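Look at the model first, then read on.

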Amino acid sequence: MTYSPASCATASCLTFFGMGADLQQLLLITACIFSAMVFNAMSWKVEVEFLLLIIGICAWRRNVSMKAKAELLKNRTGQRTARDLDYVPLNPIGCTPEVQPQRPKECWQPSIMPVRPAEFQAVGWEDQVKELLEQVRRTPASEETLARLGEVVKRAVVPVIPEAQIVVCANGNPARGKAYGMAVPDISVVLNVSHDALQKSIGECFMQGQARGRFAPRPDKLLKFSIRMCTNQLVAAGFKFRRSAFGSDEPKVILLVPALPELFNERISMEFYVNSNVPIRTEAIARNFSGVEPRVEELILLVRRWSRDRGIAHTAKGHLPPCAWNLLVVFFLQVGVESGPVVPAFSEEGFARQQKVSVDSVATLLKDFIRFYATDFNFEKEAVSVRLARRGPPQVAMQKRLVSEEGHPEFGPVIEDPFEASQNVAHTVTSRAMERLREEFQRAHHLCSANASLAEFLELWSPAMTQESGSA
């Protein structure tokens, strides 16, 4: 009994296609069979034994690969097993398709350690606002603590980046920001270093064998790798890694600050950036306008505390970033106060003090802020520009079209970056986040109209617990 080279090659291809062999394996096997048959290197019995051996080896390799893939899927989704992969249908040419793990649906469960809501000794809106400001306002002691935090971070990263300069930015007193402080940190630490020095430091780490892989000196890769390298140093110094956000416009990591006597009594979270100007500009907006009118910083503290407690300040979920909240407050004080503008238009050269300013308390301004954005301002048809300090339609190039879950198209908010007028700091906002923003402004406006207390106004938001999520 003899076999032609064509029949052997055809049979082998069909066999291994059915078993899911890849193209390289098929080419290798076909080449071996052709060479053996052409040169009569083996008899047909030896050829059959050779084919059976190759089939057995490939079957074993495929079985091992399937088990490894099933284990990976099981770890990611907790649903599929190795037995499930035996029933994955083959595609038309016989190759097993790549199985994409299903992303589990987001579900909410009761927290094991619930965050504490705001508690006040005072009674009444005005007095409670004053009490809250005393708690969250930055003090000389908190400034010293932040300076020491910068020194601790610098000592940790200097061994790998000797030219590092550390800037610590904070919203209020970070030691008093309890609710949702892990998701929305009050502290932002920025490492500033020149591009050449950063590239040199990372290159030295590669030469010393401290990093694996190929070094790619592209700016985005360089930035992300430097954050990873600094994170390793900070974790070794006692910081705890929480999560990373490398997919955002400004890559960063969230870390827990160690509970040290010279820092904080308990662990609090912080953001860590490399060569980012967003946290610095965010703080500059608050401080520069506060130099003209002290109530600016106080209103920013109150608004950002409200946005965080009500769950609309988490940028990773598509909500407004901190810089956008600062700009909303400043824009309201420019165009939304009935008695006239409180602060002038933004200027990088300096500010001219207003001749006529409102005498309303910051507690009253907080209610007016809610009323302005709940009933008067249209996020879809108007732009926020503290540089122009006047109301008007947004530039078409800065608008972002959103599609709601029901399929209704709409335009997202336009909040102009005063440092770069062509940039929209709210371009990452999602349709669901806009829906939540409107809901919270309407809720807050209803409470303010009903003369509710500040404790009720700052009641911690929690998602509706459905039967599915509750049992998940």
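Two strands pair if DSSP finds at least two bridges between them. Helices (H or I, at least four residues) and strands (E, at least two) are DSSP runs, numbered from the N terminus. This is a predicted model: local features need pLDDT of at least 70, and side-chain atom pairs count only at pLDDT 80 or more, while totals for chains, interfaces and linings use all residues. Residues are numbered from 1 along each chain as its sequence is written, and side-chain values use heavy atoms, with hydrogens and water left out.

Two bridges join E6 to strand E9 (residues 414-417), and these two run parallel. Ala-383 has Val-414 in E9 as its bridge partner. E9 also pairs with E10, over two bridges, but in the antiparallel sense. There, Asp-417 has Glu-420 in E10 as its bridge partner. Two residues lie between E9 and E10, and the two strands form a hairpin. Put together, three strands make an open sheet in the order E6-E9-E10, with mixed pairing. Its edge strands are E6 (383-384) and E10 (420-424), each pairing on one side only.

Asp-417 is found in strand E9. Is Asp-417 buried or exposed? Asp-417 has a relative accessible area of 10%, so this residue is buried. Here buried means under 20% relative accessible area, exposed means over 50%, and partly exposed is in between (1.4 Å probe, protein chains only).

Contact means heavy atoms within 4.5 Å. Not counting residues up to four places away in sequence, Asp-417 touches Arg-281, Gln-423 and Val-425. Asp-417 and Cys-323 are 94 residues apart in sequence, and their C-alpha atoms are 8.7 Å apart in space.

## The nonpolar cores

In soluble globular proteins, nonpolar side chains tend to be buried together. A nonpolar core is a set of buried Ala, Val, Leu, Ile, Met, Phe, Trp, Tyr and Cys residues joined through side-chain atoms within 4.5 Å. The largest one here has 62 residues, and those with the most contacts inside it are Trp-325, Leu-333, Tyr-373, Phe-441 and Phe-457. Among the elements that give two or more residues to this core are helix H5 (125-136), helix H10 (295-309), helix H11 (322-335) and helix H13 (431-449). H11 gives the largest share, 10 residues.

A pair of aromatic rings is described by the distance of the centres and the angle of the planes. Rings of Phe, Tyr and Trp (its six-membered ring) pair if their centres lie within 6.5 Å; planes under 30 degrees apart count as stacked, over 60 as edge-to-face and the rest as tilted. A search of the whole structure finds 18 aromatic pairs. The rings of Trp-306 and Trp-325 have centres 6.1 Å apart and planes at 90°, so this pair is edge-to-face. Trp-306 lies in helix H10 and Trp-325 in helix H11, so the pair ties together parts that are 19 residues apart in sequence. Both Trp-306 and Trp-325 are buried.

Phe-372 and Tyr-373 form another edge-to-face pair, at 4.8 Å centre to centre and 80° between the planes. Phe-372 counts as buried at 1% relative accessibility, and Tyr-373 counts as buried at 3%. Ring pairs also link residues into a cluster, including Trp-125, Trp-306, Trp-325, Phe-372 and Tyr-373. The charged end of Lys-367 sits over the ring of Trp-125, 4.9 Å from its centre. A charge sits over a ring if NZ of Lys or CZ of Arg is within 6 Å of the ring centre and within 35 degrees of the ring normal.

## Two Asn residues in loops

Asn-275 has a phi near 55°, a positive value in a residue other than glycine. Its place is in the loop between strand E5 (268-274) and H9. Asn-275 is partly exposed, with a relative accessible area of 33%.

Asn-451 also has a phi near 55°. Asn-451 is in the loop between H13 and H14. At 62% relative accessibility, Asn-451 counts as exposed.

## Confidence

pLDDT is the predictor's confidence in each residue, from 0 to 100. The chain averages a pLDDT of 76, and 65% of the residues score at least 70. Which element has the lowest mean pLDDT? Helix H4 (residues 82-85) does, at 36, whereas H12 has the highest, at 96.

Over residues 73-106, pLDDT stays under 50, and the model has 38 contacts beyond four places in sequence for them. Residues 16-21 also stay under 50, with 18 such contacts.
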